[in-house]
Each structure stands twice: as C-alpha cells, then as structure tokens.
Amino acid sequence: SRGAEGAAAPPVFTWLSDGTKDSESFTAAARDQFQEELVIRPLHSGDIYASFQFRTLWDTDFLQERQKVSHYRLFPKSLGQVLSKFSVRELHISFTQGFWRTMQWGQPFIPSPPGAELWVWFHDTVSDVDGNWKELTNVLSGIFCASLNFIDLTNTVQPSASFKPLGLGNATDHRFLRYATLPREIVCTENLTPWKKLLPCGSKAGLSVLLKSEKLFHSSFHSQAVHIRPVCQDEQCTSKAWELRQTLNVVFDLYTSGQGKKEWSLFKMFSRTLTEACPLATSSKVYVDITDNPEVKLKQQTVVLGDRRTYSVFDLTRAEMFGQLRSLNLLLRDMLRPLLHAERYVAGFGLQTGEIHTVIYNNHPYRAFPVLLMDSVPWYLQLYIHTLTVTSKSRDNKPSYIHYQPAKDRHRPHLLEMLIQLPPHSMTEVTVQFERALLKWTEYTPDPNHGFYVGSSVVSALVPSMVAMNTNFTQDQPLFSSFVPVKEESSYFVRVYTEPLLVNLPTPDFSMPYNVICLTCTVVAVGYGSFYNLLTRTFQVDEPSLPLAKRLANLIRRIRGVPLLA
Amino acid sequence: MGLLSDPNRRKALTNLLTRLNAPICMVCYLAAIVWFMGLAFEPFTLRTYMSENAMGSTMVEERFSSGERALSLAKEFDAHKRKAGGMPVEWLVKAMQARGLEVFTQSFSRKLPFPDENKERYMVRGTNVYGILRAPRAPRTEALVITAPCSPGNSDNQAVGLLLALAQYFRNQIFWAKDIIFLVNEHDLIGMQAWLEGYHHTNITGMEYSPLQGRAGSIQAALSLELSSDVITSLDLILEGLNGQLPNLDLANLFYAFCQKLGVLCTIQGKLQRNDWDTAEGYTHAAQTMMLMVLKQACGRSWGDHGLFLRYHIEAASIRGINGFRHYKMDVATIGRLLEGMVRKLNNLLERLHQSYFFYLLPSLSRFVSIGYYMPAFGLLAVILLLRVSFPGLDHFTFFNPSGPGVLTVLTPVVISHLTGVALYLLPVHLQEMAVEHFPVSETEAVVLTAVAIYTAGLALPHNTQRLLSGEGTEQGWKVLKLTALLYLAVLLGCTALINFSLGFVLAVTLVPITASMTPHMPKALSALAMVLLSPAFTILYCVFIYQELIEAPVSVGEGWMLFLSVISQGILDHALYGSLVYPLLALFIYPCWLMFWNILFWS
C-alpha cells in the first residue's frame, strides 16, 4: 500500500508545505500551484461517469486597490483581469448539455442545471452591482463563446438563502449576489475550446489531452464549469488565496457505444490514452471507483456524498504508472437510491393557465431534513402565489421560511425561496398555479411554437450522511470530495437541480399578419365606418321622387310658368 | 357604405330580400349541398404538401430490420398475456428494462356510469406500462410518444412486439433530441385517458389512477399503432379525435410521404386512393371517403387511441394495420421502418407541428380540402337562418313594440324546452337504477330507452304547458319566438361549425330547411311528420345508415335501430369517460332549440 500513499493527493489546504518541496519551480511572486484529477466511476445504470477537475491556486489578492496584479503564470490572465475589474468575490459558471439523472446515476460531484448557470458574489465595495453584473456577463460571454449576454434583469434574481458563498468570508447580504440561468443555452465545441485554453497545459499534456470534443459530445451528459473563490492559504487561515477550479463532467453511454458489453477503457471513452502528466502540475491523478470491484489493488478510501467509496489511484507524475491503464472489467451492483431527488413538470392543459408541480423525494428511511427550494420563474408565467401549496404525505406542510419576490412585467422574474422540512421516506409536492401572459408580438422568440423555457428549480440541502464522515482536512482528500466545505460530520451538502420546463404560451399565427391586417381593415372600414355613418348622420324624410312622365311634365310646366305637379 | 346609409337603396335591398326571401333561401340551400358535394371533386381540391421545413428537406434513412425479433416478442407477449389474463405487467417491465428504458407503471380504475355492452365492461381496472428512452444530452423538456394497446384476444400483439423491437433499435441510436416514451396501454381509451390525465396531473372525468413517477417534459407528438391481424396488407391512417379535433395535416403528410417512399399500401377511412378522378366512380369514391370523414368527425368520439392526445395540444394519429387487400402482404420490418422514419422526422422538429392546417377534410390521402373551401358550404346554410329573420311580417320592431307579446309568452317555451333538455341530459344516467327495478331491462338498455322516452315525451310537453301558463298565444307571440329561435339556432350552429365543422354541417343540413319554413299556419300533421323526420334523433339514425352504407356493411332496419341505440349509449359513455361534448350539445342546446320550433308549429 506504499503505492496508495505515494499516489495520494497533497492535502488541499496544506499545499504550501507541499509546494516547498519543488520550490525551484516557484518564484516569490508566483506562488501558484496546479493540480489535475480525473475520477472515473462506473454507474449502476451501466454508464461511465468521468469527472475532471483542474485546480489552480494562487496566493495573491485581485481586489487590492494599490497592487495591480499583472504577472500571471498558471492562473489565466483573462479571468484574473475580470475578477479585479468587476470586484468579483466569487464566480461560478457552468455549461451543461443534458440532464443529470439522479435516480439512475446518483449524485454528481458538482451538480449543474441544463443550459448555462452563472452566479456571482460581488465584493461589498461595489456600488453599482447591476451595472457590474451586466458588463460581467457580456465579458464572460466573450470569454466562453456563449450567449451569456442574454442574461439581463428579466432573468436575474438575488436568492436570499440558496446560494451562499462557498469560499472564505461570511457574506450574507444578498444584494451582492446575482444568479441567472439560461436553460436554452446549447453547449458545444465552441464552448469547450475557450474553456480548455484556460488550463495551464492547454490540451497538450496531462489529463486534458483526453478532452476531445468528438468524444465528449458523444455522450449522455456533458457539463463544464469554472468556479473561482477565495480560500484559506493554510490551516490557520491567516491569509487568502484564490482558487480556480475547472471541472468537466461527462457520462458515457456504454449501452450504445459498447454494443451491450459493460467494458471500458480510456481509449474507448476518449479515443486517446494518457502519456504524461501536465509538467506544470504538482499533482496529476486518476481515480477509479472500484467499490464494486474490490480485488483491484491500489486503494484509497474516501467518503463522498455520504457514501464510502473505494478508489484505485494512478499517479501520473510517476513514470512507472504508464502502461497500467488498460481495460478494466467491472462488476456492477445496485446503488443506493439517492437520498434527495427532485423533479418538476407543468400540469394542466390549454393555453390559459397551468400549474407547476415540484416533487421532492426524501428517500432517507428515518431522518427528516430541511431543504431550501428556489424557483425563478420568468414574468410571462404569472404565478398565483395564493395557490401555493406544499404537501407531504397528503398533509399540509407549512414552510418555515418563505421569501417571495413578485415579478414585474418585462423587468424582473418571480423569485420564490422556501425552507421545507421533508419528513423521512416521503414525497413532498409543491404546486403553484400560473397564468400564461400574452406577449407583445415583438417579444416572441423566432420559434415561438417551440415554447418558452423556465429554468430549473434548485433544491439545496444538508443531507444526513449514511456514513460517518471525516472532516479533518489535513488528511488526504481528492479534489472531487472537497468542493463544498462541510462543517458537520453527520451530513453533507447536496444541491439538486430539477429539469427545466418548456411551456407553450398563447402564440398568434405569425404566418397570417397579412390576412389579419386585411381582415381588420375590412372590418373597421365596413363595420365601424358604416355604423359611425349611421349614428352621426341626420336623416330627413325624403320627397318621393316623381315618375319620369311627371318630371317631364313639370319641366314643361316650369317653362310655361304653370304651378308644378306634386 | 352608401348601400346601408342611403335609405332608398336600403329599402330597395330590404324589399328584394323580403320579396325573394323564399327563392333565395332555397337557392342557398341547394348551393350549399352542391358546394359540399363539389369538395370531393379533385380539380377543386388541393394536393397535400409538407409545410414543416424541419420534416421536409431532411430525408432520413430507415435501417430498422429486426422484423423477426418483433414477431418473436409478439409471441412472447401473447403467451404472457394469456398467462396473466390481461396486461403482463412484470414481463413488460422486464422487457423494457432489458432494452435500456426507464420503466414505470400506472394503475387505474374506473367505474363506468353504466355497463358498456359493446366492449362488455363496467368496472375497469388496469395497468399502463411505459418506458422512457432518454435522449442523450437532452434536458427532458420534449418528448414523443409511441403507443400500442394491450387488447384482449389475439389482436395487437404484433403492435406491442414491434414497439419493443423499435425501442431496442432506437436505444442504440444516438441522434435522438427528444425523449421517446413507449407506452402500452390497457383497456384502450380508458387506459390512455388515465395515462394522459396522470401525465398532465388533471382529473376531468373522475378517473382513479396512481400518479406517474416518470415524465419527459412536454409531449410534441404521438403515434398510436394498432395491428389488428397477424397478416398486414395495408396501413390505415386515423385522424379523427375527440370532439372532432384533428391533428395537424403535416402528420398525415408525413405518413403519406413515408408510405410512398417505402411502397406501402396506405388507406384513409379504409379506402384506397384512386387516380381516375374524371370518372363517375372516381368521384363517388372520393365523395364516399370524404363523407366517411365527415360522419366520423361529426360523432365527436375518438376513433383511435390518438384521439385523446389532441386535447393536450399534442399532435397525434393512429396507424392501423389492416388485412384487407390480398397479394399485398407487408412484413413487420417495413412497418417498423415506416415508424422509424416518422419518429426520426418528428425528432427533427424544432417547434410543435403548426405550419400546416388544423381544419381540413380529406377526400383521399393526397388531396385535402382546407377550411377556406368548406366553410362556404356551411355559410350558405347559416345565411338562410339570418335571411329568415327578415321574412315577411316579422320586422325588427316587434321586440320593442310595447303592445307586443309579453316576455313571459316567449320565455316560457324557451325555459320549458331547456328544462326538457336538462332532463334528457341528466335523467337517463341517474334514473337507470329505478328503471332497472321496474322494467325487465339491463342498465344500458335502461339508459338508452330512458333517453328515447324523454326525447319523445318532450314533443308533448312544451306547447301544452306554456299554454297553461300564459294562455292563448298571439300572432305576435310566435313571431317573436321564431325570431329568437332562428337567431339561437344560427348562433348554435355557427359556434358548433367553428369547432367541429362536420357536426355543424350535418345538423344544419337537417335542421335548417324545416326550421326556416316553420309557421303555425302550415298543415299540422304533415309538418309535424316532417319536423320529426328531421329532428336531431332522426339525424343520428340517418347517419348510422349512411355510415353503414359507406363502409360497405349495409344493415337492415332492425339492425340499424339496434346500432342507433348503441350509438346513443356510446355517446353518453364518451361524454362521461372522455369528456366528449356531442351528447351535452345535442341534449342541452340543439334539442331544446328544435323543441322551440316544434312549439311554433303547435302555436295557437
């Protein structure tokens, strides 16, 4: 088991002592460090989950007024400049194509909703948060080649409780938080390339050589994210360091690609093999979840998301590792049902009203726990908040905290946050009725009959752990297990995203404006015109016109000067 | 609009309309019939064309080849169905799971208001099984549905087999952008209704069902597959849904395009297409096909499992395999390829089907009559009612004349007629127990015969009671009543025709001539006979006979009468089970309106 220890990652929060070992590569100014990691976990559905994490730590402060940071080594300059320009305290952005199937796949290491999600905590010195937010989204839109510029005030909310900062500092004033999702955003190669460029080794060496778009986008689920936050420099937390985590999660469908054989290899998944670690990385590791296949050597046990798993570790910085990552056959066994699971759908029919149902499952056999539900609904679904009901086990379940911010037409979405206690082994249903608004004709998208998206609702919870967890961070911790700081031993933090909704709004037949104009004009001209005429004109009794013979006779009589005939 | 504001010309126009009222009305009626019959004449119709770009230019390749597998699955399904004596839930769940689907079940139960003698069911209890094929990298917002019924006996086994084989084949493809739901529904429409209500979490018909566990977002389109026999020679497309709703015409175009591509014999209303439109037989054939569609649409029931989807704004059609044309045997793989092609094209859709027509009649699969062409036929009939409002002696000032008849004179027959209608609507179902106790009939017969009895009793009721209430009727009285009734009928038929053209047109054809000419001064016996023969109930009877004639299964008078009774029971059941609106429309509005005219005839 010497291999396991040697392969173990340097403790995340004690990286400084580790860094001094190869201090010849460090200068005093660039006290930065890069770690890379790949976790491969066979899922119970027969799919393979691969999760990449790249972590750059830099002991500097972007927000200091006097000291402008201009020398970048491992930390991407484009992001560093963004952080200092917009006084960003914490930034989380994810691009996801597909929906994480919690019931089949369990919990992901880092959850993300379909489409794009961006949430940012600004520094509390920022005066014009909305202005900064607007500019920031536009800049990020350029950096990631995504349509983040579609984020505006109509889809931005300020959650009061659901999105707490994950890094250092105890910010509670949610005025400095902005959260937005673009459920329609389609993630593809053009988003992957700029994301890869942020890595110190690009896609030239290390784990990132595996990131080939033709394979990554031939999968069941693809999610890439960037998380930037301030973290402690050391255990004592005397000074601050910045952490950039780039994560990429992908689930490969072995059913379609493997013709039924449950067998995988790196080459089959990525059509590449690993040849070397990234030379700039202080640690470069591959973890393979072998909990279900315990005869493999090289083990390390870690508790992740309330489940104790066993991993086989391959340290790429050690040359003798190469030649080992061959095909690994795996036995699969049933996984635990995920303790927390949520789904959402639109009920009802017709284009006038509807009802949003959010169903949250607590599958824990005996423990109740509270969850925070956050819903951000666009203004064109006019929520009837008085119809809000929360029922668990067919009984009314009164939320202990409700934060509701009503929408303003064309300016602001609805924001609904609730703290709900989920009884053990229960299904809790949250329903709220809505009316579909009739948009102005210029407000429809180019494909109005496709429907309008409503972003995922977010369920955040501290879920009681089934396994006692060790929160002593000085111990070996792989990256994937340490993203969300955990304070309690008996529970772990989980965020579950529901599926986005596609809602049809009443849509005019846009192919008919010409007909409509013609019809309207005709109705106005014929109907209104003649009625107006009839109503305003004064009518007089008309002299009956005389027959032609009499008129001729009158003509003659007039000439003759004789009185006319009547 | 000098015509209206110039009193002289207005007067001339009024004079013309008043003087030539009857001939104009007659011409309108004949023109309406001729126009309608002309709709089936091919030069007057349009050729169908694919309007939706996403389905038109992107031709797909069909590679489905596991016809043998479908057949063996069908056999296996049949064996398990026999063993289980109904839906083989466990086997089906396993079979779907083995094909990589997320499988869910839904159980439902429904007590019918009275026993359905056609299908021999009263207490219905069943289970729907459905599997969802999750599209890779799709966020569960859109879905397509393919359904096959699990029906008793030998039929539709192949449909389930094919469904499973398709699921297996589809699962291995990577191009899906929408989730695909494979649904096997028990007890045909009742199961389908339970599933749809469960999926949309509504309850409009008092069905009891267990909530659905798995969903896949908003359903974009649905195809229902029925293979009634083991030997399939042709495929029939069924479009008529609940309340005469039709799916978007592009769905029919899609089916036709793939039939053409794969060389599959396809029919509509069970009738093949003919190319000899210029011969009398060719025209008759097209007219028969169109008439069948009109009759099916008018009766407002769902003619296949697809019909219930339409309420939820889901475009759906049923494809029924028929063994009717010899020498044309088609293998299951071909049907599979056809479905694969259709589903792939639907998968390519960016928006819901909306480009093509929602209101149309089909004289054949390749020709259609759009709403713009058929509406004038109804308009000509409706205009008769409006013209009769201005018939001689009935001028517009009757209402405002203080010396005219009291409100009571007119209101009494209106209210009594409608109360009769309410009785016709409510009593048959609610009085069945009492009827069964007192008469030696079954519940179903009790319901139908009560309906017929109330209908007949209604003929005696209104004019007698109103006379008791308000004394002798005046000349002015019946005129005002007639004016009211004419306008009422015009509005009723107009609204009906906008929603369900066929129903509106069929009712207008029979109701307009008699109502337009009704006065108390006509010969009583003859007029009464004519009125009864053209009453709504007789319209249904004629429709039954015509329908039987058109599907080439003519019936004798006795059989026709039995069919008529079963049609009534089906109508009441359709209303109770699926929310069909034809029965309440006839009972609550059309019949009372007709009674008002009946009242005029016996005005004294």
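## Salt bridges between the chains

Across the interface of chain A and chain B, two salt bridges are found by the rule applied here. One of them pairs Arg140(B) with Glu499(A), whose closest N and O atoms lie 3.9 Å apart. These values are computed from a predicted model.

## The interface of chain A and chain B

The size of an interface is often expressed as the accessible area lost when the parts come together. For chain A and chain B, this buried area is about 3300 Å², with 54% of it on carbon and sulfur atoms. Within the area that chain A buries against chain B, Tyr255(A), Phe349(A) and Asn449(A) supply 19%, more than any other three residues. In terms of contacts, 40 residues of chain A meet 37 residues of chain B.

## Packing of two helices in chain B

Two packed helices are described by the angle between their axes and the distance between those axes. In chain B, helix 5 (residues 67-84) packs with helix 7 (residues 157-171) at an angle of about 125°, and their axes are 7 Å apart. Helix 5 of chain B is therefore oblique to helix 7 of chain B. The crossing of helix 5 of chain B and helix 7 of chain B is right-handed.

On the side of helix 5 of chain B, the contact includes Leu71(B), Leu73(B), Phe77(B), Asp78(B) and Lys81(B). Helix 7 of chain B contributes residues including Asn157(B), Val160(B), Gly161(B), Leu164(B) and Gln168(B). The residues of this contact between helix 5 and helix 7 of chain B comprise nine nonpolar, four polar and three charged.

Notes: Residues are numbered from 1 along each chain as its sequence is written. Chains are lettered from A and ligands numbered from 1 in the order in which they are written. This is a predicted model: local features need pLDDT of at least 70, side-chain atom pairs count only at pLDDT 80 or more; totals for chains, interfaces and linings use all residues. Side-chain values use heavy atoms; hydrogens and water are left out. Axes are lines fitted to C-alpha atoms, for helices over the stretch in contact, and angles run from 0 to 180 degrees between N-to-C directions. Helices (H or I, at least four residues) and strands (E, at least two) are DSSP runs, numbered from the N terminus. Angles under 35 degrees count as roughly parallel, over 145 as roughly antiparallel, 65 to 115 as roughly perpendicular and the rest as oblique. A crossing is left-handed if the near helix is turned anticlockwise from the far one by less than a right angle, and right-handed if clockwise. Contact means heavy atoms within 4.5 Å. Ala, Val, Leu, Ile, Met, Phe, Trp, Tyr, Cys and Pro count as nonpolar, Asp, Glu, Lys and Arg as charged, and the others, Gly among them, as polar. Buried area is the accessible area (1.4 Å probe) that two parts lose on being put together, summed over both. A salt bridge is a side-chain nitrogen of Lys or Arg within 4 Å of a carboxyl oxygen of Asp or Glu.
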